[in-house]
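The sequence and structure come first.

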Amino acid sequence: MNRVAETLRMFWGLALPYFRSEERVRACLLLAAVVAAELGLVYVAVLVTQWNARFFNALEARNWVAFQNELVTFCFIAVGAIVVGMSQYYFGQTLQIGWRRWMTENYISVWMAEGRHYRVRFVDSNIDNIHLRIANDVYLFIQRTHELGTGVLGSVVALLSFSYILWGLSATTPLPLFGIDFAFPGYLIVGALLYAGTGTLIAHWIGWRLIPLNFNQQRYESDFRFAIVRAADHSEPVALMRGEAVERRELRQRFANLVGNWTTLVRRQTRLTGFTAGYGHVSTLVPTLIVSPAYLIGAIPLGTLIQSALAFQRVEAGFAFCISSYPKLAEWKAIMDRLSQMEIAMAAVDSQRAETGGTIAVSAGAGADLAVSGLAACLPNGAAIARLDAVEAAPGERVLITGPSGAGKSSLFRALTGLWPPGEGRVTLPRGADVLVMPQRPYFPLGTLRQSIAYPTPAEEVRDEEVRAALAAVGLGHLALRLDEDADWSVMLSGGEQQRVGIARALLRKPAVLLFDEPVSTLDDAAGRELYRVLLDRLPQTIILSIDRRGVLREFHGRTIEMSPLGEAPRHRAGLAAQPA
């Protein structure tokens with residue numbers, strides 16, 4: 001019982017926000033239309049059951065006039081069934097489209113904001129493939145909810161409607177066995193419920209393991225899709241280093257996990273399918289066998305026999321809904337578990353940011369300076385990976401970060417922005433400052449070259465002449481004619497061109513604080529210095545912290561911080577910065 005309550009609580013937590021959102025009026029109207037259409041389908045089924053009684057009675061009595069009348073009546077019932085069926089499909093699909101759009105946009109807004117998509121890995125390492133949960137699981141959740149919801153509604157209404165019919169038939173239909181009438185009020189209903197209840201218990205005993213198997217199947221499918229897409233995205237380094245054997249091994253291992261769980265799922269599903277198939281076929285015969293003795297002794301006409309059998313089947317089917325829907329119920333529960341797990345992780349990210357203990361405090365100050373005090377970036381287990389005791393920088397100051405590999409330079413940048421939460425210390429950013437972080441390997445979004453140059457600013461917010469001027473300033477003026485070309489620019493551009501794009505982005509953004517990780521590492525020394533000189537010349541008031549392991553850019557910075565291996569304090573060196581030419 002606790003599991004049922006927990007499942008319902010989880011369902012309401014996932015489903016209700018849409019019906020309480022700004023689209024609640026439209027959503028509720030569509031839901032009401034779906035419910036009305038489902039009730040209409042049950043009403044049509046009741047009419048068909050009653051029509052069968054009259055139709056077969058007319059056949060048995062060889063009443064030609066009644067036979068003709070029932071054919072005309074059936075035409076009207078058929079037209080009604082078509083209209084109701086079309087309405088149920090249209091309103092149901094329209095509701096699913098709006099619901100999925102809202103949930104997807106909401107999840108993306110939460111996930112792809114304030115670094116949650118990155119920070120979630122520090123909360124729970126088991127939260128895998130969130131992007132695929134948003135892309136696939138949301139759709140499956142809504143689809144299964146619609147299927148199961150309309151199925152449950154139709155089953156309950158059919159159960160009540162046809163139980164009423166069976167109750168009346170039980171009063172007029174005897175149950176003669178061995179010369180004794182075993183009929184009692186509602187005996188047809190009791191028979192249907194006993195038969196369906198027995199089948200439901202057996203189905204649950206066979207299929208309860210489908211829930212964890214479906215959960216794992218969704219996980220393994222996502223893992224494999226993620227791995228194969230990642231290999232395709234990094235095809236160039238894989239090909240250059242002849243790493244295909246390693247990639248094949250990893251893909252095979254992930255696919256083997258998928259197939260192994262799938263095989264177990266199929267075995268369990270096969271048992272359930274075998275039972276439900278047999279149960280379904282027997283269900284067509286059982287009601288006829290129960291009522292046939294009364295027909296054989298002439299106590300009821302043929303129409304009553306047919307009506308009783310059909311009503312019995314509908315009551316039994318309504319009560320035994322879980323048997324036919326058990327695989328979908330198991331998949332639905334597994335999908336809800338994955339979405340709920342994701343929501344909990346997103347909430348944990350925000351909760352972690354709100355805590356003051358064990359996290360790096362990043363806040364806006366009253367002035368225009370950048371200040372750092374007692375900063376230590378740590379792993380979730382508490383082990384320190386980067387330290388910086390104290391740094392202050394005023395507008396226009398340039399600070400160079402150097403040090404050996406593994407000294408924590410890149411982690412320091414993550415900590416300065418609050419993206420790396422575990423640790424201690426305080427970072428005070430300029431009031432209302434725009435902070436731009438440029439990683440060593442520039443990221444290129446999908447879309448046109450214009451969007452790639454403007455990133456992270458939306459392309460429509462940057463004027464065309466500004467983009468062209470930035471390209472010309474960094475030596476990429478020849479790309480100005482390709483601004484609206486849609487391509488995979490991370491492949492089309494060389495490493496040097498990509499870093500020039502990074503400089504162009506900074507020129508367009510004009511941030512108050514710029515954190516640059518190895519800005520010219522793929523360029524030769526002379527070209528790198530010239531490009532960096534352009535950056536300084538165009539952004540005279542920007543606070544710039546640059547990581548330069550080679551020391552090529554040392555002359556452009558007033559101060560140098562040499563990051564040391566853990567256990568040693570960073571060393572600060574002052575120097576005269578070269579004036580931009």
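Which element gives the most to the lining of the second largest pocket? H5 does, with 11 residues.

## Basis of the report

This is a predicted model, in which local features need pLDDT of at least 70 and side-chain atom pairs count only at pLDDT 80 or more, while totals for chains, interfaces and linings use all residues. Residues are numbered from 1 along each chain as its sequence is written, and side-chain values use heavy atoms, with hydrogens and water left out.

## The second largest pocket

Rolling a probe the size of a water molecule over the atoms shows where empty space is left. On a 1 Å grid over the protein atoms alone, a pocket is an open set of points where a 1.4 Å probe fits, with protein on both sides within 12 Å along at least five of seven lines; lining residues have an atom within 4 Å of a point. The second largest pocket has a volume of about 1500 Å³ (the space filled by probe spheres set on the points, which are joined across faces, edges and corners).

Its lining has 43 residues, and Thr7, Leu8, Val152, Leu329 and Trp332 lie nearest the centre. Two or more lining residues come from each of H1, H2 (24-61), H3, H5 (130-172), H6 (187-207), H7 (210-233), H10 (302-319) and H11. Here helices are DSSP runs of H or I with at least four residues, numbered from the N terminus. By type, the lining has 29 nonpolar, 10 polar and four charged residues (Ala, Val, Leu, Ile, Met, Phe, Trp, Tyr, Cys and Pro count as nonpolar, Asp, Glu, Lys and Arg as charged, and the others, Gly among them, as polar).

## Helices H1 and H3

The axes of H1 (residues 2-19) and H3 (residues 64-111) come within 10 Å and cross at roughly 105°. Axes are lines fitted to C-alpha atoms over the stretch in contact, with angles from 0 to 180 degrees between N-to-C directions. H1 and H3 are therefore roughly perpendicular to each other (65 to 115 degrees).

Contact means heavy atoms within 4.5 Å. On the H1 side are Leu14, Ala15, Pro17, Tyr18 and Phe19; they meet Leu95, Gly98, Trp99, Trp102, Met103 and Tyr107 in H3. These residues divide into 10 nonpolar, one polar and no charged.

## Two buried residues

Phe19, in H1, is buried at a relative accessible area of 15% (buried means under 20%, with a 1.4 Å probe and protein chains only). Beyond four places in sequence, Phe19 touches Arg24, Ala27, Cys28, Leu31, Leu95 and Trp99.

Lys333 belongs to H11 (residues 321-354) and is buried too, at 18%. Leaving aside neighbours within four places in sequence, Lys333 is in contact with Thr7 and Ile211.

Definitions and conventions:
Buried < 20%, exposed > 50% of the residue type's maximum accessible area, 1.4 Å probe, protein only. Parallel < 35°, antiparallel > 145°, perpendicular 65-115°, else oblique.
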